[in-house]
Amino acid sequence: MTTDTTPDKAPVRAWLPGFLALAAIWGSSFLFIKIGVAELHPVQLTLYRVGTGALTLLVVLAMLHDRLPREPRVWAHLTVVAAFGVAVPFTLFGYGEQRVESMLAGIWNATTPLIVLPLAVLVFRTERLTARRAIGLGLGFLGVLVVLGVWEGVGGAHFVGQLMCFGAAACYGIAIPYQKRFVA
């Protein structure tokens, strides 16, 4: 095997287009949430987003001739993942974006890995904390503080909106290691 073919050393041209497409899709979702909450209540927006996703899933399952799981235990775990990984964060981002800009909500979403790693290590025990990960976590935390400009301070509705966006990211931080531990 050469360095060009190892999984962790893929050439940029192999992963960059997909990475940019994902960034555009994921990043634009915060813009669409901001537009949506101008016309709809955040809970309605969440309902429409979840409904569209569920309908899409059912269509894909039908096309693939696959079926939903049948075990009640799996459904119980999926309910937890759906609540913390979809319904609650979608709603919190909707409420948050009534008070803050969509770009700021997207930045708060970037804190998700900073929440996932400590929870995965300490609570769900699905990951190990290595020196490299600890350094990455520290640098990521400092980077978020810089990007958010915490030294300028926030208050009022803007602060509440930021807390809601952070709460949404924290929900993802719970859902991701939970799913790895109990569903995957």
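Q: Which angles count as oblique, and how are α1 and α2 set to each other?
A: Angles under 35 degrees count as roughly parallel, over 145 as roughly antiparallel, 65 to 115 as roughly perpendicular, and the rest as oblique. This is a predicted model, where local features need pLDDT of at least 70, side-chain atom pairs count only at pLDDT 80 or more, and totals for chains, interfaces and linings use all residues. Residues are numbered from 1 along each chain as its sequence is written, and side-chain values use heavy atoms, leaving out hydrogens and water. The axes of α1 (residues 12-39) and α2 (residues 42-63) cross at roughly 125°, so the two helices are oblique.

Q: Which residues of α2 does α1 meet?
A: Contact here means heavy atoms within 4.5 Å. From α1, the residues involved are I33, G36 and V37. Their partners in α2 are P42, L45 and R49.

Q: Is T91 buried or exposed?
A: T91 sits in helix α3 (residues 72-96). Leaving aside neighbours within four places in sequence, it touches P42, V43 and T46. Buried means under 20% relative accessible area, exposed over 50%, and partly exposed in between (1.4 Å probe, protein chains only). T91 has 18% relative accessibility, so it counts as buried.

Q: At what angle do α4 and α7 pack?
A: Helix α4 covers residues 102-109 and helix α7 residues 156-182. The α4 side of the contact has L104, A105, W108 and N109, while α7 brings H158, Q162, C165, F166, A169 and Y172. Their axes are 8 Å apart, and the angle is about 40°.

Terms used:
Axes fitted to C-alpha atoms, helices over the stretch in contact; angles between N-to-C directions. Helix = DSSP H or I, 4+ residues; strand = E, 2+ residues; numbered from the N terminus.
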